[in-house]
Amino acid sequence: MRNAKDLQSCRYEVSNGDDGAKTLHIQGRMDAATAAETIAGIKSILKPPLPAALTVDLEKVTYLDDFGALVLVELNNLMARQKSRLYLKGADQRVKEILTILKYDTLGEPAELSHKPSPNLFVRLGEAVFGQVADLDFIFSFVGSVCLSLIHACLHPRSLRLDDILSSMKKVGVDALPIVGLISFLLGLIMAFMSSVQLQQFGANIYVASLVSLSMVRELGPIMTAIIVAGRSGSAFAAEIGTMKISDEVDALFTMGFDPTRFLAVPKILASVITVPILTLFSDLFAIMGGLVVGVLMLDLTANAYMAQTLRTLTLFDVFWGFLKTAVFALLIAGIGCLRGFQVRGGAAEVGQATTSAVVSSIFLIILADAVFAVILRYWG
Amino acid sequence: MDRKTVIQVKNLVARYGDDIILDRISFDVFEGEIFAVLGGSGSGKSTLLKNLLGLHRPASGKIFIDGDDISECDEDALQQILRKVGVLYQSAALFGSMTVAENVALPILEYTDLSRESVDHLVKMKLNLVNLDGYQNHLPSEISGGMKKRAGLARAMALNPKILFFDEPSAGLDPVTSAELDKLIIHLNQSLGTTMILITHELESIFAVASRVIMLHKSTRGIIADGDPKYLRDQSRNPFVKQFFNRLPGENSLLNGKDGP
């Protein structure tokens, strides 16, 4: 057993020659298992002042690999820092050969890998600007290509891939219905509950119905639906197209004569623009239902009175205005999702980035567009 | 032969659901040899590799890697055993967000106590070993396919494993690059004594590199031939082996459909 352990280990000792020259004898295996220990051990033996020259005797080394060579490199660097020299002797043919392939002679200078030179401020600023300009360029050409494809689709409705549109509609709309319904219901519940606390003081319980229905149908319904769709489907579009991009599937489409925008983006955009307004309608209904529950259970209103007040508050214009807004939001979400997907270059990390960026930019654009709609309504309506 | 066995497969059965892919196959791999697993598409080569690496557990039978049974051990023990193994995947599987040097340094930093500076030296040596010096700070997307393979090899060898697996090493490489990789494999085998197992169907590579092969075939779901590849090419009487080594089309290939039964 002891022998087996000796075979696995690496031992070293320093001897003084007749002429005062020091020699380091190493024996055993110089491999991955022993390297870290050996480096630390030798460094602790060789305390300054270091000898002017040190010879390393490798005669009894049974095995040496690159971890073993590392011991020699570290030793060499230690000596070089003190302006001392290191000599190797007794290396057999095998060891010499390994040191040659590892290019041992060139390893003296510090390796300095992985620390990328960090460019200065101006270089980074310039790179960022050029990056943004290139990005803008891509966005313009993508928007142009989507517009052309949509016009083409209007002129040649038969060129549309109906199956793709239907399956996208299912993913964007039908599959999102439970979560949109649940969130809207809870939102209606919360709004009714919070407003009732204030309105009850004035005996204005019935206006809870107006508050919930108007705010949901005009503002919150469209925005909540759009944000949920951005999180569910915008990210999915970016990830799907991005993965297709890095696995050359987009190039394959192109070489087969398909326009990638028409093939991938248009069905998704059309499906979103059609289904998201319908989702919003459901969102409105569920929110009103949430308010109704609070009204009936906590505010002593009858369901009839609540619904009558709701219908008195809402106009058809409010509902259509909500539809129009969501259609625009849907266009933005699907467009950004596809755009970020097509922008992917490189590897898996880029797909993740594209997905994040798709959701973040969609939500920003949704809020921005909503603000624009609010201003339009203020001056026009 | 008095050589040490590093991999021993005994009556291995691999299946997906009801489909039996490999039926009771057994073979040994000896220390320091270059061993190739051959076979056409669908013969179970990849399944065998997944079983050898513990990614799939065998339906029955045993696999020993360096004396340890990996067919029944738990996750932690498997991780310990896999420390002795390096794999070069078909697409090199370099992490796209890291530079070549960071890819190679990753396992070294994780599993050794070396200082950052030592690791840098070591990474440089590894890259010298595969002739990639000067490409440390490139991202995988910035280097060619052959370079990716070599970088993947440097990462597979990061901890100097006893056993190296190569999954289709020459797939997607031009003949020159492929021949260079073959040379590198032989070179590393001789200088470091690493046992190498190639999963491949590239005839040139097999003759250039492998000292012993086994051949799988889907008809028997097992090994139909083993031995020296050149001997098999010239002497084997098995029709499938002859077909494979002489690149003849199969019985039910597209062209001789009219001669079929």
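**Reading burial, helix packing and a chain contact**

Guide: A:Ala238 is buried, having 30 other C-beta atoms within 10 Å. A residue is termed buried if 20 or more other C-beta atoms lie within 10 Å of its own, exposed if 12 or fewer, and partly exposed in between, with C-beta atoms placed from the backbone. This is a predicted model, in which local features need pLDDT of at least 70, side-chain atom pairs count only at pLDDT 80 or more, and totals for chains, interfaces and linings use all residues. Residues are numbered from 1 along each chain as its sequence is written, while chains are lettered from A and ligands numbered from 1 in the order in which they are written.

Visitor: Which residues is A:Ala238 in contact with, leaving aside its neighbours within four places in sequence?

Guide: Contact requires that the C-beta atoms of two residues, placed from the backbone, lie within 7 Å. By that criterion A:Ala238 touches A:Gly337, A:Arg340, A:Gly341, A:Ala354, A:Thr355 and A:Ala358. A:Ala238 belongs to helix α8 of chain A; helices (H or I, at least four residues) and strands (E, at least two) are DSSP runs, numbered from the N terminus. The C-alpha atoms of A:Ala238 and A:Val359 are 9.0 Å apart, although 121 residues separate them along the chain.

Visitor: How is the packing of two helices described?

Guide: Two packed helices are described by the angle between their axes and the distance between the axes. Axes are lines fitted to C-alpha atoms, for helices over the stretch in contact, and angles run from 0 to 180 degrees between N-to-C directions. In chain A, the axes of α8 (207-246) and α12 (316-342) come within 8 Å and cross at roughly 20 degrees.

Visitor: Where do the axes of α3(B) and α5(B) stand relative to each other?

Guide: The axes of α3(B) and α5(B) come within 8 Å, crossing at roughly 20 degrees. That makes α3(B) roughly parallel to α5(B). B:Val100, B:Asn103 and B:Val104 of α3(B) make the contact with B:Ala151, B:Ala154 and B:Arg155 of α5(B). By class, these residues are four nonpolar, one polar and one charged.

Visitor: Why is α5(B) described as largely enclosed?

Guide: Ten of the twelve residues of α5(B) are buried, so this helix is largely enclosed by the rest of the structure. Among the buried residues are B:Met147, B:Leu153 and B:Arg155. The buried residues of α5(B) pack against β6 (85-88), α3, α4, β7 (163-167) and α6 of chain B.

Visitor: How many residues does each chain bring to the contact between chain A and chain B?

Guide: Chain B provides 26 residues and chain A provides 27 residues. On the side of chain B that touches chain A, α3 (100-111), α4 (116-129) and α6 (175-192) of chain B each supply at least two residues. α4(B) gives the most, with ten residues. That side of chain B divides into nine nonpolar, twelve polar and five charged residues.

Notes: Nonpolar A, V, L, I, M, F, W, Y, C, P; charged D, E, K, R; others polar. Parallel < 35°, antiparallel > 145°, perpendicular 65-115°, else oblique.
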